[in-house]
Amino acid sequence: MIFFNTLDRYIIRSFLVTFFFALLMFSMIAVVIDLTEKMDDFLEKEVPFNQIVFGYYLNFLPYIDALLTPLFIFISVIFFTSRMAYRSEIVAMLAGGINFYRLLVPYFFSAAILSAMLLYANHYLVPDTNKKRLAFEYTYIVNPFKKLARHTYLQIEKDKYIYVENFHPKDNVGYKFSYEVIREGQLEYKLRADKIEWREAENKWRIKNYFSRHFLDSGEKIASGVVMDTFLNFLPDDIYQRVSIKEEMNTPILKQHVSTLRQRGVENIAYYEIELHRRTADAFTVFILTLIGVALSSRKVRGGSGLHLALGVGLSASFIIFGRFSTTFATNGNLSPFISVWIPNLIYGALAVWLVIRAPK
């Protein structure tokens, strides 16, 4: 902070104090609302108090705070900047010879601090706490295995494919199973079974009532049996993919997971790729919303910060809606997940630059 003058330190302090105060107030409100919704579940399952506090809400706060940090940064910038404008402080700064673009330096410094914190939280902290939060929810609140996995077809290795008609994730049991080895368009081996069970202790699959055909140059080899324990290169989680599992993986693990799914021929992996790109894009959103906030609220208008806050909330709402709209094209269409995540930043980034250029100086 030795390179900043008194005015810079004043803006940085106002920015950070306003943001953390708003975040603290919202965190308390979010906990109260969530506790109200889940109180019946806690009482019905007789969840211990320390589990509620340390097992759930201590891990709930990083998730909800990281999710809404860009929005609260935007509101904080508008709130304290519009107050400065209303008190004619910005007019006095500009009249005193301070360049408007120089005035943005402490804003960018504060935004960089918060962006770095959000970047770390999105990539590492929040996934780790989500793992504990979701484990608590699956134990006491919701059952993640209500639905069956139906008609699952996967490529588990090069030239190797499996199909399961029905899979029960709660018991790790599947029905109407087939395993095929196809090389250069030719079927070399096929195994069919009425039932498969995952044997976690042995790290193997138990196959029941099976029938296999092995096509060799010398002829066809047929085998059948009642029970066979064997290793196959897939796990129950590969068959039953919980979409929420992406929230539990830190970025290195998520990258590896996406690579594995792509190699296995899973068609719709856009959900995972969107999550991967979103973690970085959200951190850059901080700078865009900071620019827009300063540009909107640096002009003194009648009504004080109320008008600025109304404009800011409307603009941020349009930002969020546009972001959800673009990601829908990635999950349900052919739009690249990378483009769907970053295009709102590019468009609103251009808007931020335009607003700064048009801001009173």
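## Basis of the description

The model is predicted: local features need pLDDT of at least 70, side-chain atom pairs count only at pLDDT 80 or more, and totals for chains, interfaces and linings use all residues. Residues are numbered from 1 along each chain as its sequence is written, and side-chain values use heavy atoms, with hydrogens and water left out.

## Overall architecture

The protein chain contains 9 helices and 6 strands; helices (H or I, at least four residues) and strands (E, at least two) are DSSP runs, numbered from the N terminus. Its C-alpha atoms fill a box of roughly 95 × 55 × 35 Å along the principal axes. The radius of gyration is 27 Å, whereas a compact globule of 361 residues would have one near 21 Å; the value is taken over C-alpha atoms, and the globule rule is 2.2 Å times the number of residues to the power 0.38.

Of the 361 residues, 44% are buried (under 20% relative accessible area, with exposed meaning over 50% and partly exposed in between; 1.4 Å probe, protein chains only). Among contacts (heavy atoms within 4.5 Å) between residues at least 6 apart in sequence, 63% join residues at least 24 apart.

## Packing of helices H6 and H7

Helix H6 (residues 251-263) and helix H7 (residues 270-297) pack at an angle of about 150°, with their axes 10 Å apart. Axes are lines fitted to C-alpha atoms, for helices over the stretch in contact, and angles run from 0 to 180 degrees between N-to-C directions. H6 and H7 are therefore roughly antiparallel to each other, a term for angles over 145 degrees.

The contact involves Thr251, Leu254, Lys255, His257, Val258, Leu261 and Arg262 of H6, together with Tyr272, Glu273, Glu275, Leu276 and Arg279 of H7. By class, this contact of H6 with H7 has 5 nonpolar, 2 polar and 5 charged residues. Ala, Val, Leu, Ile, Met, Phe, Trp, Tyr, Cys and Pro count as nonpolar, Asp, Glu, Lys and Arg as charged, and the others, Gly among them, as polar.

## Residues with positive phi

Most residues other than glycine have a negative phi. Lys176, in strand S3 (residues 173-183), has a positive phi of about 55°. Lys176 is partly exposed, at 46% relative accessibility.

Asn203 has a positive phi near 60° and lies in the loop between strand S4 (186-199) and strand S5 (204-216). Asn203 is likewise partly exposed, with a relative accessible area of 42%.

## Val356

Val356 belongs to helix H9 (residues 337-358) and is buried, with a relative accessible area of 6%. Val356 and Ser298 are 58 residues apart in sequence and 9.8 Å apart in space, C-alpha to C-alpha.

Note on methods. Parallel < 35°, antiparallel > 145°, perpendicular 65-115°, else oblique.
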